[in-house]
Structures are given as C-alpha cells and as structure tokens.
2 protein chains.
Amino acid sequence: MNGADLLCETLLANDIDVCFANPGTSEMHFVAALDRQPRMRCVLGLFEGVVTGAADGYARMADKPAATLLHLGPGLANGLANLHNARRARSPIVNVVGDHATYHLAYDAPLTSDIESLARPMSHWVGRAATADTVGERTEEAIGAARGTPGRIATMILHADAAWNETSHDMPAPLPQAVSGQPDQARIDAAATALQAGRRTTILVTGIALRAPQLERLDRIVQRTGARLMAQQANSRMQRGAGRVALDRVPYVIDQAVATFADTEQLILLGAKAPVGFFAYPGKPGSMLPEGCLVLDLYAEGEDPVAAIEALADAVGVTQAPPPRLSPRHSPDMPTGKLTPEAIAVALARLMPADSIICDESVTSGRDFFRSTYGAEPHDFLQLTGGAIGIGLPLATGAAIACPDRKVIVLQADGSGMYTVQALWTHARERLDVVTIVFSNRRYQILLGELKNVGAGAPGENASRMLNLDDPALDWVKLAGAMGVEAARADTAGRFADLLASACRRKGPFLIEAMI
Amino acid sequence: MNGADLLCETLLANDIDVCFANPGTSEMHFVAALDRQPRMRCVLGLFEGVVTGAADGYARMADKPAATLLHLGPGLANGLANLHNARRARSPIVNVVGDHATYHLAYDAPLTSDIESLARPMSHWVGRAATADTVGERTEEAIGAARGTPGRIATMILHADAAWNETSHDMPAPLPQAVSGQPDQARIDAAATALQAGRRTTILVTGIALRAPQLERLDRIVQRTGARLMAQQANSRMQRGAGRVALDRVPYVIDQAVATFADTEQLILLGAKAPVGFFAYPGKPGSMLPEGCLVLDLYAEGEDPVAAIEALADAVGVTQAPPPRLSPRHSPDMPTGKLTPEAIAVALARLMPADSIICDESVTSGRDFFRSTYGAEPHDFLQLTGGAIGIGLPLATGAAIACPDRKVIVLQADGSGMYTVQALWTHARERLDVVTIVFSNRRYQILLGELKNVGAGAPGENASRMLNLDDPALDWVKLAGAMGVEAARADTAGRFADLLASACRRKGPFLIEAMI
C-alpha cells in the first residue's frame, strides 16, 4: 500500500465514496490508487470550478463530504470561487490538492506556487501530507475538520512522493462520528426570556434549521411567542413547498431589507448572521438592523442546532399544540403569452415534481420563483451563498449525484452560467437527471441596474461593452448540444411550459433556453 | 474627479489604454469612469481566466501592460491560473481588483475574502488603494512595479469608497520610463572567460533575448566560441521561422532533457533558469544538468539584457563578421491522407502567413509544430509558460488586440481548451483575426501517458473516466458557433489544409476542429 492507497482507503473508511476530480501529472499515483478501488465513484469535471461546485452540491444534499482532486496551485485556484461559496454554505468538503514531490519544491519548477496562501482564504483547515506514513493521520484530520456541524472546507496538500512511497500503515478504521456540542442553557434561557418579553422579535434562520422538522418546531415557537420567523437572504438548503412551513427571506435590495427590519427590536440568530448589505453603497447603511436592536445567538458554532431548537421550544412552553402551519398545495394555471420570468416561475410552480432539488443561480431573473412556489410540490431550494457566480450548473451536478432518484432543476442566469458552462458535459457524461433553465436576457442585468444606481446615466460605449452580452448572442441550445445535452429554445410561455413538462417526465439532462 | 476617474487617468497617462474586464457591483464606479473615458479600450471576457490570459497575450506582444478589472476575491481567484502563467512569462500586468468599501469589510458580507492572500502567490506586487486621495500614488506604484525588465504582475485592490469618493488630486503626469540597470561587467567577463575556456558550453536563453536582433547577435557569439545556443523549454515569446536564427528548446520529457545536457560542462543563463523537471518522477533527477556543471548568469534581474548581450559580444571579440546563420524559407508539400498532428504541422509550415503569432497550447499534439516550422514564414511563438492549462484561447485574444494587423493562430489541445472556452466569444465580439486549431483527440493524452509511466497498466474504469473525454464527444464546431465563431471540422489532411488556407486568406475568427 502506498500513500495514495492509504488516502483512498481512509476516505472510504469514513464513508467518503465520491471524488470530483480534475487530476494532473502530480496526482497520477492517486489516480492509479482510485483506479484500484472501484468503491470510489470518480466524477470528472472539465474545469475545477465544476469540481468544487459539484462537491458543494453533493455535500448540501448528502449531508456528508465528497473529496475533490485538484492539480497543484493553479488547479486549486480554478476551484476557489466555488469553494468560497461552499465555505459560506458551510458545506463539508475534503479537497486533495496535489503538489510536487517534497524535494522538487526547491527547484521552483513551472507549476510551483504557494498553495497554502491560495487555500487559506477559502478553507477552514489546511494541511500538508509530506510523507506516505503521515497521509493517514493528515487525511483523518481533514475529514474530522470537514464534517463538524456546520461543515467546513478542509484542504489537504498531497505531495507526489507522499503518494507514491510505500507505507507500513495499517488499513484505516473509521473515525468516531462527529458529535455536536450540547447547546449552552444560558443562551437558550436568554432567547426564551427575550421571546417572552413582549418586544418585536425576528428569528433569523439558516443551515440545518431550514429542514422541515426544525421549521415545524420553529413555527410552533413563533405561534406561541408572536415572533417572526425568517430565513437568511441566501441559504445552503431550504425545505419548502406544499406541506412545509412557509417562510420569507431577507430581501437582497438594501432599502427593502432595511424596511423589513425597521420594527425589529430584537433578533435571535439560528446559525444566521445579523443581516448586512451584500455591497456597500454611498449613503446607505451597512447593517440592515435599526439602531439599538438586540441581537442574540441561540447557539454557537459546534453546538447542536436541533437540540437547541428543542430546548427553546421547551423553554417557551411549546408542547404538541399548536400544530405547525403548513402550506397547502397550490397549482396555478399554465402561463400563456409572452415568456417572462414570472411565467417561468408559474410554470415551475405547476409542473415541478415532488422532491425536486432547485439550484438557483438565476440572479435577477429568478426573483419570481420564490414567491410563486410556496404551494408547489415540496422541494429543496439551494442558493448561491457566497456571491461568486458560476455555481448553478456545478451545484446541480453534485446534487444529482447525491440524490439520483430526485429531479434537479437549475435556474441559471446566462452570464453566470457561462462561468462554469463545462458542467453541462458532466451532466451528459454521468446521465444526471438535471433540467437546466437558462434565463437568456443576454446581459449582466444586475450590473446594468447597479450602474444606474451609481448615477452614471445610460451606459455609453465602454459600459455597454462590459455589461451587454448580445453581440454575439450566446446560443445555449448549441452550447448544450456541443457537450452532449439535449436542448430546446422557448420563446413563449406555452412553449416553455410544454418543454418543462416533457423534461420533467423524462430522466436525464435537458436544457431549456428561455428567451426572456 | 473621483478616485475611479483618477485611476483611469493615471493608467492612460502611462500609456495603459486597454482594460480586459469582468466587473461586478463593487467595481461599478470604475466602470462608470471607464465609460466617461473613450480612450480606454474595454474588452469583456465572460470569465476571469479569459481576462487575465488576454492581458498576458497583450503584454507579450505589446511589450507593455494592459489593465485588468476583476470582481473581489472570487473574481481574482478565477483569473489566478492565467496570472500564474503570466508571472512565469514575466509579462507586465496591472490588475485592478475591486473590494468592498473599507468600512464594509467589518461586516464580513458574503463576497468578503482575504484578497491579499489570494493575490500574493501570483503577484510580484500587491497594494491597496483605501482612499480616493491615494488612488493615484498606488496606481503609479503598481504601474512602476509592473513595467520593469522583465515584467511583473502588480495587483492593486481598489476599495469601492476609494473609487467613489471625490479627490482633489491633480491630473496625473506620466511616470518616467523604466530604465534597466546596466549589466554588471564582472558577470560579462566571467561569462566571456568561461566561453573561451574550451569547455562544452550551452547558452540557455529566454525572454527578450529570444527576439530576432538578440538571437542574431547570440548566433555570432556561438559561431565565434563554439558554444551551443538553446531556448528554455517554455518561453513567453520567441521570434523564429525563415530569416531568423534557428534554435532548439530544452525537451519536456525528462530523459531527453537529461541527454541534451549530458555533455554540458557549463551553462550560461540569459534570463533563463537552470533546467529542472517539470514534475518529479520516482528515481529520476530533478535537475537536468550533469553533476559538476558550472552555471553562470549573464545578467541579473533588472539589468538590461540587450546591453548585456552586446557587452558579451564585445568581450568575446564578435565584430560584424561572421554574419548570423538565418533559416531559409522552406515550404513543404501539402500534406495528404490521414489527418495527423504531423500533417497539421506541415500544413502550417506551408500556409501560415508572414508575421503570424502562434499561441501554442497544443500540449502533446503540437510537438511536431516546432520542428516543422524552422523554415516557415517568420512568426512569433508564444507558449504556456507556467503549466496552468487554459491559456491558448485567451492568449490569442490579447495578442490579436495588441497586433490587429497580424494573423493569430492558436494551437489548442481540446482538454485544455475547455478550461477557458469562453474566450471564443470575445474572439467574435471583438472581430479578432484569430484562427483556432483544436486538436481533437478527446482525451487528456498527456495524462494517459503519465499513468502508464507510473506503472499502473491499462486504465481501468476510474482512471479512464478521469482521463478520457469521448463520452460524450465534444463538438467544437457547435461550441464555436454557439459563441459566434465560424467553424468547420477536418477529418483528412487535405480538408484541413483547405480550411487553413481559406482561414488564412480571410480576416476574423475561425475555428478548425482537427480530428486526430
């Protein structure tokens, strides 16, 4: 057994059996080890942003880490933007980044770079396996770091000689499962006291608290206490639709967010952060909270959110009653006429199958989806958590691999979709059950809005050439076809609904270019 | 004038009048400033790897920096792989990376990250413009850092409030031109003495010494001294073809490289590094030099290479005679039969027009090109210098913008081409005179070779799924068409030659998918 085999066995012993990969020469012994071990499912991405975004989607749906395999500093660099999103989503991921043989670093060969410096901003843990004999421990440390609650990004740098040298290490045994800390009773009591103090309270939620059972318990708490329940603006995964508790999110637009919290006297955070502007704007506040608003955390990082919510329910006297208020199924009429973002949202609300997984990178064009789908079939809703565009298509890749029996639907803005368009190839390669809806408006719509906001007036030549995508127009049907994904274009609401209905009936990847 | 205007004016005052860009909200005031300033040519890339690779290609051909405009940490991260290549090419680039308003950083908004840590591994200089009043100085520092000899990567982080606040700064004046240091006479003398000592000597060259006039002078030196002239394995830009001095490069394959230097007793470096393995392999050496080989630098970084070569010529007694030995024009017969990498090389040797710019990211498939084109029309040959794949199409983008009257030809491996395939859109958008030749072998050929080298035998299921690209096959004609670039497929040598001939006669982007 060499170091690469030991790495592979350590991952498998700890139930990490999917590896999203784009290897290079320095990782070739790890590739050979993976080749000897058919229990590991290896999924190729044609660019590392696909690899890391897929690992994020997988982690969000499987509730456990996948491994990634990346080629030295530049390979890691290509995956960093989606690791940034995964870090904000608190997804567990174990990155394996190859590096030169230890003794080769001194030569400063062309691909040498400072991998730690690159890794650290997007990782919670960075380590180096420099000898075959330490690969096992280092991998265990990485796995331990990744799979806490909430999840973390662990990046292990694997030297080529650590991979290829023999080790006398035993076959690895599984690590004990991560155990979350018990919630701090003082925090629970403080939150309960605050909730019962007669002040206008918002409970702001993200993470595991957005799963259906936790939301049901939270709905009972707010029924009992009169608080308002709300989700963060962007969340890793949210269970919603018919039969689920309906809750709103903090708006993206600053003025709306400020208005949302104008009356809030106290804010109780469940894994969430106190709401701030996505960007700063001259003359606008950074915090969305009114002055003097009291902010409490129900639990600290590492404490068990489920236990904390249960304890809060007990503390405020929630028993079995009242029952949670669940959204009824509402199936709107099929849209007709012009194809608009709203028509797309309505068609989805009507047609998407139960247990769909929605990967939302629709940016401006998908804002109708959320409000249109409270009564859609129950679904999981996955968002862009870190603002680094190019996650939609990769996220769907990972979600589909984690949940092969569920339909994955991507709401994809065209500008963002181009960032990691290579993911379509993996959809085809792995026969993933993913329907991609491209909102084809042929511009960076959000930026045209922002340009207007800075008072620059109508865009001139230079601004227009940086913000419009209409010359030439991207042909998404051809792009998909070039990578083996069937596709069709919709110009009307009726045609869109027909295409969506047929895509939902079949299995396998399909792309709809929605001309909005 | 706000900080963003001052930045724009400072760039223009220093002859930086091209900005490769993919902006976001935090850069919107800079976008507005660029929009007010039509002298700046703004070129959009649909992914940041296109932006930075284009800036590299531009710098190599224009011998001056372009600016880039990148969106916070993730936007920079997406551009890092090609900045790694540019850093290895010693291309001057001034990156402008937007960041939040200074006071907004404390909120840790979703897009916040440690930009310095990301920038440093791929930058020679990193700075921050935190106030409008310091934008001018900081930009001047960045420009000064970038445009030395050789060039450097300067990364300036521009806070949003530094961009939008007013400044009372004067209109900037041009900085004095960078002046290279005079070469150190002791080094010149040492090299001259070594050359005349009767030992087997290789002069290893890269950078500016690979331009035609320098190579002519170097050829005179080696005729006089009996030394061997050779180029580094990968070079930023090399002038070659008919009417130019012919010189070989260090081979990529380790055993060949070791054999190349087996007899070398002393090595004189002209901007080059002593040759080392691109990767380490078990049981193979890291340095390509025989033990005891003497290594001398003709000049240190910052010293003037042209003056140093002149001084060396003087020191070894080169006068006007002998004349340099220049390659004659050799136009091979048109290839026929099966389409092979060799047939492609022969067709190029026959057909490529004078002053073509060749951007080579052909990896394994293009190895015939170099040896087939000593007698081709004179051309500039640009290589992948840092080993981070995904540079070919962006490099061509920048080269074509720097040299609008010259034909740019990209030799593009299919696997690498997918990394930054979005560059094709910019070829179409800017009507660039670029012919892209995709070597479509539908696999990571180099890695299949490396897998064999590690003794893993025939690839099994997992290795095959990470190294083969044939399921589904990529359709490059459709990919190009989807992004507005005309394209055609060649299955035979004759068809390829016909397509190449017609592509060379016309202006504008064209892609040939070469089925090899």
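**Reading a predicted two-chain model**

Guide: Let's start with the record: an unreviewed UniProt entry annotates residues 1-106 of chain A as "domain: Thiamine pyrophosphate enzyme N-terminal TPP-binding". UniProt positions are given in the numbering used here, feature names are shortened, and annotations may be inferred rather than shown by experiment. This is a predicted model, where local features need pLDDT of at least 70, side-chain atom pairs count only at pLDDT 80 or more, and totals for chains, interfaces and linings use all residues. Residues are numbered from 1 along each chain as its sequence is written, chains are lettered from A and ligands numbered from 1 in the order in which they are written, and side-chain values use heavy atoms, leaving out hydrogens and water.

Visitor: What pLDDT does chain A average?

Guide: pLDDT is the predictor's confidence in each residue, from 0 to 100. Chain A averages 96, and 100% of the residues score at least 70. For the complex, the predictor gives an ipTM of 0.97 and a pTM of 0.98.

Visitor: How do I read a sheet, and which strands of chain B stand at the edges?

Guide: Strands of a sheet pair through backbone hydrogen bonds, either parallel or antiparallel. Helices (H or I, at least four residues) and strands (E, at least two) are DSSP runs, numbered from the N terminus, and two strands pair if DSSP finds at least two bridges between them. In chain B, an open sheet of 6 strands has the order S2-S1-S3-S4-S6-S5, with parallel pairing. Strands S2 (41-44) and S5 (125-129) of chain B are at the edges with a single partner strand each, so one side of each has no neighbour in the sheet. From one strand to the next, the twist averages 20°.

Visitor: How many bridges join S1 and S3 of chain B?

Guide: Strand S1 (residues 18-21) and strand S3 (residues 66-70) of chain B pair over 3 bridges, in the parallel sense. B:Phe20 has B:Thr68 in S3(B) as its bridge partner.

Visitor: Where is the cis peptide bond that involves A:Pro150?

Guide: That bond joins A:Thr149 and A:Pro150, with omega about -5°. A:Pro150 sits in the loop between helix H6 (132-146) and strand S6 (153-159) of chain A.

Visitor: Is A:Arg431 buried or exposed?

Guide: Buried means under 20% relative accessible area, exposed over 50%, and partly exposed in between (1.4 Å probe, protein chains only). A:Arg431 is exposed, at 52%. Although not a glycine, A:Arg431 has a positive phi of about 50°. A:Arg442 also has a positive phi, about 55°, and counts as partly exposed at 25% relative accessibility.

Terms used
Axes are lines fitted to C-alpha atoms, for helices over the stretch in contact, and angles run from 0 to 180 degrees between N-to-C directions.
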